[in-house]
Amino acid sequence: QECLSRQQLLSTVRQMQKLLMAQEAAHLQGTRSLKKQLSVLHSRVQRLAGKRNETCPQLAVPLNGRKLGRSTRVGHDVHFVCDAGFRLVGSETRACRRDRTWSGTQPFCRSIDDCSSNPCANGGTCVDGNQSYTCLCPRGWSGTSCQSPVYACINSSFSRQPRCAEGRPGSRHCSCDAGFQMGAGGVCQGMGARREEARWGRGSLAPIHHRRAPADVDECQLFQPSPHTRLCLHDCLNLPGSYRCLCPPGYVLHADRNTCEDVDECSRSQHNCTHGELCINTFGGHRCVHPKCPPPRHNTSYVKTSSFQCERNPCPMDSQACRLAATSISFHYLPLQANRTVPRVLFKMSTTRFVGDSLRFTIMGGRGQGVFAVRRSGRQTGELVLTSPVVGPATLEVELEMSEFSRKVLLGKHIFKVTAFVSPYEF
């Protein structure tokens, strides 16, 4: 009774035969793929040896950035990306042309916060802009970096130095404190110094002098409407003789008193996410997410191996549908500022174990996918690129697929579910 029946024995033998045939086919397929890759490599080396002169000069790697692509041959592209905290200025992609010169201009990486290097001297206040910074100089100093002293002769107690803000090169704006107005020679004169009215009081032999009340200078109205001279990154509140910068909810005023800094609600435990949800910090707020693996279907099931990753369980031997399903599914959440300059690389895909002869990157679907594109950035890597500026607030979703082939036979594929949370603001 413990022995296998003839039918059970035959079934076991058939399964072993199928297993050996599958292993033999995989081994043969791997050998063929290796031969093909060696053949392609041989032909490329031969072509390269015959075209040594058809190359462009090597390009420098920008400081605080990276260069993607090693080929300097005619017709090939090189891409540049900056490290976190820096933005690319110049050409993101440069192509080697037929005259063996590179298209575009050599890029460099500029700090997102230009004020981090403290460029304003003599107590000046730095205001970070889109492409540069502006120094708000204290009384007695001027220049793009508050480096030049202002010399003026002040002979009256009703005279005062103006407050000046240096904008773009050649642009300088000055205002006076409350009760003063701009006079000759760029000096603030007291508005009551020469503006006295006299009338005779009833029954009095002496004139009664009335001095007009000083008028406040509204710096917000003067400077804030223009993007070249604006004092505050978000909103400006006029105060008697001064002003104050305001930030929207989800931000706090930076130490420079002009720019706004995002509040990380997730790290400060200021979120309302329930148990089982994950907190994702965004610009000006946060989102609560709960990534889930797809339910079992067609002999295909997944198990969650981390908070943001699902792996496919082993497939039954006779299930073609399971073998064609994705071997892994990962979830990615990207906080994004509104109206970002494009094109901009948002996400990179790569494989650490490449056994096939080709990779294919595809956008499979999503919400708002019209503003995205995928491109190859290396032999084993691809990039998700933002192609159009997005006005916030908005939530964009895109599903990416990375498939690996050997002689046009699918070896495996991976799904990347990317969600971008676009802020209402550009900071």
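This briefing covers the salt bridges, disulfides and strand pairing of the structure above.

The model is predicted: local features need pLDDT of at least 70, side-chain atom pairs count only at pLDDT 80 or more, and totals for chains, interfaces and linings use all residues. Residues are numbered from 1 along each chain as its sequence is written, and side-chain values use heavy atoms, with hydrogens and water left out. The count of salt bridges is 5, and the count of disulfides is 11.

**Terms used**

- A salt bridge is a side-chain nitrogen of Lys or Arg within 4 Å of a carboxyl oxygen of Asp or Glu.
- A disulfide is a pair of cysteine sulfur atoms within 2.5 Å.
- Buried means under 20% relative accessible area, exposed means over 50%, and partly exposed lies in between (1.4 Å probe, protein chains only).
- Helices (H or I, at least four residues) and strands (E, at least two) are DSSP runs, numbered from the N terminus.
- Two strands pair if DSSP finds at least two bridges between them.

**Salt bridges**

- E92 and R375 meet through their side chains in a salt bridge, at 3.0 Å from N to O. E92 sits in the loop between β3 (86-89) and β4 (93-95) and R375 in strand β28 (residues 372-376), so the pair ties together parts that are 283 residues apart in sequence.
- E92 is buried at 13% relative accessible area, whereas R375 is partly exposed at 22%.
- K348 and E383 form another salt bridge, with the closest N and O atoms 2.5 Å apart. This pair links distant parts of the chain, with E383 in strand β29 (residues 381-386) and K348 in strand β26 (residues 344-350), 35 residues apart.
- E383 is buried at 1% relative accessibility. K348 is partly exposed at 34%.
- K413 and E401 also form a salt bridge, their closest N and O atoms being 3.7 Å apart. K413 lies in strand β31 (residues 409-422) and E401 in strand β30 (residues 394-406), so the pair ties together parts 12 residues apart in sequence. Both K413 and E401 are buried.

**Disulfides**

- C220 and C236 form a disulfide with their sulfur atoms 1.9 Å apart. The link is left-handed, with -65° about the S-S bond. C220 lies in helix α2 (residues 219-223) and C236 in strand β17, so the pair ties together parts 16 residues apart in sequence.
- C220 is buried at 9% relative accessibility, and C236 is buried at 13%.
- C247 is joined to C260 by a disulfide, S to S 2.2 Å. This link is left-handed, with -95° about the S-S bond. C247 is in the loop between β18 and β19 (251-253) and C260 in strand β20 (residues 260-262), 13 residues apart.
- C247 is partly exposed at 23% relative accessibility, but C260 is buried at 12%.
- C273 is joined to C288 by a disulfide, S to S 2.0 Å. The link of C273 and C288 is left-handed, with -90° about the S-S bond. C273 lies in the loop between β20 and β21 (278-282) and C288 in strand β22 (residues 285-289), so the pair ties together parts 15 residues apart in sequence.
- C273 is buried at 14% relative accessible area, while C288 is partly exposed at 30%.

**Strands and sheets**

- Strands of a sheet pair through backbone hydrogen bonds, either parallel or antiparallel.
- An open sheet of 3 strands runs in the order β26-β29-β28, with antiparallel pairing. β26 and β28 stand at the edges, each with a single partner strand, so one side of each has no neighbour in the sheet.
- β28 and β29 pair in the antiparallel sense over 5 bridges. F372 stands opposite L386 in β29.
- Another open sheet of 3 strands has the order β1-β2-β4, and its pairing is antiparallel. β1 (65-68) and β4 are at the edges, each with a single partner strand, so one side of each has no neighbour in the sheet.
- Strand β2 (residues 77-82) pairs with β4 in the antiparallel sense over 3 bridges. H79 has T93 in β4 as its bridge partner.
- Strands β17 (residues 235-239) and β18 (residues 242-246) pair in the antiparallel sense over 5 bridges. D235 has L246 in β18 as its bridge partner.
- β17 and β18 form a hairpin with 2 residues between them, and G241 in the turn has a positive phi of about 75°.
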